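Subject: Handing over the two-chain model

Hello,

Here is the structure I promised to pass on to you. Please have a look at it first, and then read on for what was found in it.

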Amino acid sequence: MKHPMRNPWIYTLFIAPTLILYGLFFLWPMVSSSYYAFTDWNGLENYRFVGWSNFARAFGDPDFRRAIVNNLIFIGFSVFVQIPLIVLFALLIASVKRFRGFYKTTVFVPSIVSTSVIGILWGFIYEPEVGPLNRLLALFGAGPIYWLAEPKWALPAVLITNAWQWMGFYIVLVLAAILAIPREIHEAAIVDGASGWQRALNITVPLILPVISVVVMLSIAGGMRVVDIVLVMTKGGPVGATEVMASYMVNEAMGIDPNYGFGTAIALIIFTFALVLTSLYQMTFGRRMQGGEF
Amino acid sequence: MNKRLGIAILILIVTLSAALAACGSGKNENAANGGSPGPSTGGGNGGGTSGSEPSEDAEPFTVSLRHIQIGEAQKFRKAILDDVVKKTEEEVPGLKFELDGVEDQVNRFTKLPAEMAAGNPPKIFDLFGGAGDALKYAKAGRLLDVTPIIEELGIADKFLNLSQFTLDGNVYGLPIGGSTEGFFYNMPLFEKYNIKVPTTLEELEAAAETLKQNGITPFAMGSKGAWVPLMLVNTLIGRYAGPDAIDGFPAGTHAWNSPEVTAAFAKYEEWVKKGYFTKGELGLEYADMLNQFVTGKAGMMFDGSWRSSVFRDPEQAGELTGKVGFFPMPPVPGGKGDQTFVNGNYSNGYGFSADLNERERTAVKAFIKNMYSEEMQLRGLLEDGVLPSMKLSEDALGKVEDPLVKQIMEVMRQAGGAFSHFDSTVPSEVYKESEAQIQKLIAGQATAEQVTEALQKVQQEANAKS
């Protein structure tokens with residue numbers, strides 16, 4: 001046995017600790033807690049087995065249905081608004097020569113700031129009376145908008161904050177892909193007389209599609225499980241206007257009338273949704289964009 | 001060739017066992033701390049009265065204490081707690097309290113329920129009475145029955161009202177103070193616009209109208225936390241449907257969707273529509289409501305008597321220091337029952353974990369002795385404006401000088417009686433629904449009729465279960 005690394009038992013030995021930990025702290029809790037989704041356990045009293053009624057209750061609750069819609073809005077916003085902007089900003093930053101590092105750092109900063117800080121910061125920006133946003137609007141004669149207090153404005157306000165927080169992260173990701181494109185391709189295009197826009201659209205974007213595809217997938221997964229920014233800024237309010245599935249779960253599982261059984265059922269629903277959506281995406285657009293199956 | 005394999009395995013085993021050993025020793029240490037309570041020092045120190053034992057000899061132990069006295073407005077309460085903690089630590093050898101300050105709502109609705117579920121609440125914690133809090137935890141066996149302790153200390157019959165902590169004749173928590181809810185008003189503003197203190201609903205609404213005409217919000221409000229508007233709703237229910245309605249919901253004698261209760265919500269709805277509350281209230285916290293009032297943007301504020309201490313502290317009340325008055329909700333036309341009743345709560349206090357060892361029990365007993373004394377009750381009243389939860393002598397009560405506290409006590413004295421808050425009488429699911437519904441009402445997404453119908457539905461389901 002000159003090459004111990006070729007022995008499958010060695011591999012088993014090395015990955016065993018990881019597998020054990022993964023099973024112990026991830027798989028087992030998931031499986032064992034799934035059981036509670038079929039009970040009415042409130043954490044204190046004895047529980048009963050209630051079958052699928054938790055799931056029926058969730059889908060029968062208009063508040064939860066609205067939460068699902070809000071999650072879809074989060075996904076839609078990030079895929080159709082954020083991602084084009086991300087690509088645009090990445091292209092812009094890639095094409096400047098001076099201060100590129102500065103821009104790169106600046107856009108990245110929000111994603112290393114804690115969500116609580118961002119929530120409070122934007123709470124000031126949206127402050128109806130003295131907040132800078134309303135003051136700016138007042139210059140144009142617009143009356144004060146109660147950003148986080150009015151149901152119709154709260155969701156856009158949270159969406160913008162969430163976008164602001166995460167765009168920089170993806171911009172840096174896309175930027176790295178753009179900068180990895182060999183110069184020769186661009187030089188050849190320039191020789192052929194292609195303009196800047198033509199090169200961006202016909203060379204850069206197709207070549208970074210695999211990265212964009214990953215960004216889309218991460219955005220979908222992120223949109224499914226978004227919760228922290230919602231809890232910090234609005235707690236799902238006003239009147240459920242910004243409620244997403246995960247904040248609904250937090251409010252139902254904990255809070256005034258805790259119901260851990262119901263909360264677990266919601267968690268399973270979120271898990272299933274995220275799994276189905278991401279795998280659907282992978283099986284359709286994702287695979288095509290990553291190349292190989294044109 | 002097997003040498004390398006052997007070494008690899010050996011390294012793995014050593015690493016793993018080192019890791020496991022680290023876990024193991026941690027456990028042992030814990031066991032050593034908690035498991036051997038040194039009977040010679042801890043036990044038998046009944047009530048911690050002696051205090052003569054030199055504390056250096058005692059093996060140190062800690063008792064966790066969760067309180068909600070955080071922030072500027074709570075500083076007087078925190079000072080009292082600190083003194084009690086200090087005194088108790090001096091009396092019980094080796095005792096060290098581990099204070100953990102958590103915001104009220106977070107503690108009551110998020111942290112404590114989760115800890116109760118997991119079975120690891122702090123040893124002493126801030127607790128609310130009533131069906132959704134103390135009684136629920138008591139039923140689940142999580143709370144210490146303090147009946148023997150207060151009997152031994154001789155304070156069992158000193159409390160004004162223990163009903164919200166009493167289950168089957170046993171007491172599971174002790175209220176730290178009492179409170180009533182009513183209107184605080186800005187005296188200079190009332191003077192400026194020639195408004196006199198309202199004694200009828202008509203006068204109250206006229207006052208609101210006058211303030212509004214002059215560009216001042218009549219009632220400060222912050223309803224991001226739905227319990228804030230529900231205080232006013234609760235008292236309106238007490239007026240329109242009568243004082244016994246609050247206890248009548250769970251008993252089934254009063255229905256949420258009855259015309260009287262609906263009238264209470266309808267009045268609130270009317271005031272919302274007339275713009276009597278702070279604009280954008282759904283985005284404002286409880287603390288924002290106080291700011292609205294203190295800065296003079298609003299002329300009145302419906303809040304609990306516990307807020308009174310703010311208005312004599314120049315650091316918090318600024319120019320408004322000493323210029324705030326209090327009046328109860330005036331009688332309403334067509335209201336049922338005695339219209340002089342006021343809201344009265346003895347619901348916030350301390351609870352204790354059922355899971356205590358001998359020494360921790362001693363600490364809890366000493367804590368109760370020091371916290372629930374005439375001295376501390378009087379300090380709470382004088383320094384903090386918190387109405388006592390225990391009987392105080394006329395002599396002691398006469399020491400009150402703060403005019404606002406005097407006014408509040410006068411309101412209570414003149415009242416025909418007190419009704420509690422429905423958040424302590426109805427089951428949690430009904431209370432939860434009431435929070436959701438009041439916000440819908442405020443946002444204009446539901447009418448008073450729809451709100452009360454929805455509440456009655458949940459109440460009936462809950463009543464059928466029990």
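To start with a term: helices (H or I, at least four residues) and strands (E, at least two) are DSSP runs, numbered from the N terminus. Please also keep in mind that this is a predicted model.

**Chain A**

By that definition, chain A has twelve helices and zero strands. Read from the N terminus, its elements therefore run α-α-α-α-α-α-α-α-α-α-α-α. Along the principal axes, the C-alpha atoms of chain A fill a box of roughly 80 × 75 × 30 Å. Of its 294 residues, 32% count as buried. Among the contacts in chain A between residues at least 6 apart in sequence, 68% join residues at least 24 apart.

Is Thr242(A) buried or exposed? A residue counts as buried if 20 or more other C-beta atoms lie within 10 Å of its own; Thr242(A) has 28 of them within 10 Å, so it is buried. Leaving out residues up to four places away in sequence, Thr242(A) touches Asn70(A), Ala154(A), Leu155(A), Val158(A), Val230(A), Thr234(A), Gly236(A) and Gly237(A). The C-alpha atom of Thr242(A) is also separated by 9.3 Å from that of Asn71(A), and these two residues are 171 residues apart along the chain.

**Chain B: domains and sheet**

The domain assignment of chain B gives domain 1 (59–178 + 346–392) and domain 2 (181–343 + 416–465). Their contact takes 14 residues from domain 1 of chain B and 15 residues from domain 2 of chain B. The C-alpha centres of the two domains lie 28 Å apart.

Chain B has an open sheet of five strands in the order S2-S1-S3-S13-S6, with mixed pairing. S2 and strand S6 (174–175) of chain B stand at the edges with a single partner strand each, so one side of each is left without a neighbour in the sheet. S1(B) and S2(B) run parallel and are joined by seven bridges. Thr62(B), for example, stands opposite Lys96(B) in S2(B).

**Helix H2 of chain B**

How far apart are the end C-alpha atoms of helix H2 (residues 75–91) of chain B? They are 24 Å apart, and this agrees with the 24 Å that its 17 residues should span at 1.5 Å a residue. The buried residues of H2(B) are Arg77(B), Ile80(B), Leu81(B), Val84(B), Val85(B), Thr88(B) and Glu91(B). Seen down the axis of H2(B), these buried residues fall within an arc of 135°, so they line one face of the helix. They pack against strand S1 (61–67), strand S2 (95–101), helix H13 (358–371) and helix H14 (374–384) of chain B.

**Strand S8 of chain B**

Strand S8 (residues 181–186) of chain B is mostly covered, since six of its six residues are buried. S8(B) pairs in the antiparallel sense with strand S10 (residues 298–304) of chain B over five bridges, and Met301(B) in S10(B) is the bridge partner of Phe184(B). S8(B) also runs antiparallel to strand S11 (residues 324–327) of chain B, with four bridges joining them. There, Asn186(B) has Val324(B) in S11(B) as its bridge partner.

**The core, and where the chains meet**

The largest nonpolar core has 178 residues, and those with the most contacts inside it are Val174(A), Ile266(A), Phe219(B) and Ala264(B). Helix H7 (residues 151–179) of chain A gives the most to this core, with ten residues. Domain 1 and domain 2 of chain B both give residues to this core, so it lies between them. Leaving aside neighbours within four places in sequence, Phe219(B) is in contact with Ala208(B), Tyr276(B), Phe277(B), Ala298(B), Met300(B), Met301(B) and Phe302(B).

Finally, the contact between the chains takes 27 residues from chain B and 21 residues from chain A. On the side of chain B that touches chain A, the elements giving two or more residues are helix H1 (2–35), helix H3 (104–118) and helix H17 (428–443) of chain B. H17(B) gives the most to that side, with eight residues.

Enjoy looking around!

Best wishes

Key
Residues numbered from 1 in each chain as written. Chains lettered and ligands numbered in written order. Predicted model: local features only at pLDDT ≥ 70, side-chain atom pairs only at ≥ 80, totals over all residues. Expected span 1.5 Å × (residues − 1). Buried ≥ 20, exposed ≤ 12 C-beta atoms within 10 Å, placed from the backbone. Arc of directions from axis to C-beta. Contact = placed C-beta atoms within 7 Å. Pairing = 2+ DSSP bridges. Core = buried A, V, L, I, M, F, W, Y, C linked by C-beta atoms within 7 Å. Domains from an automatic or database assignment.
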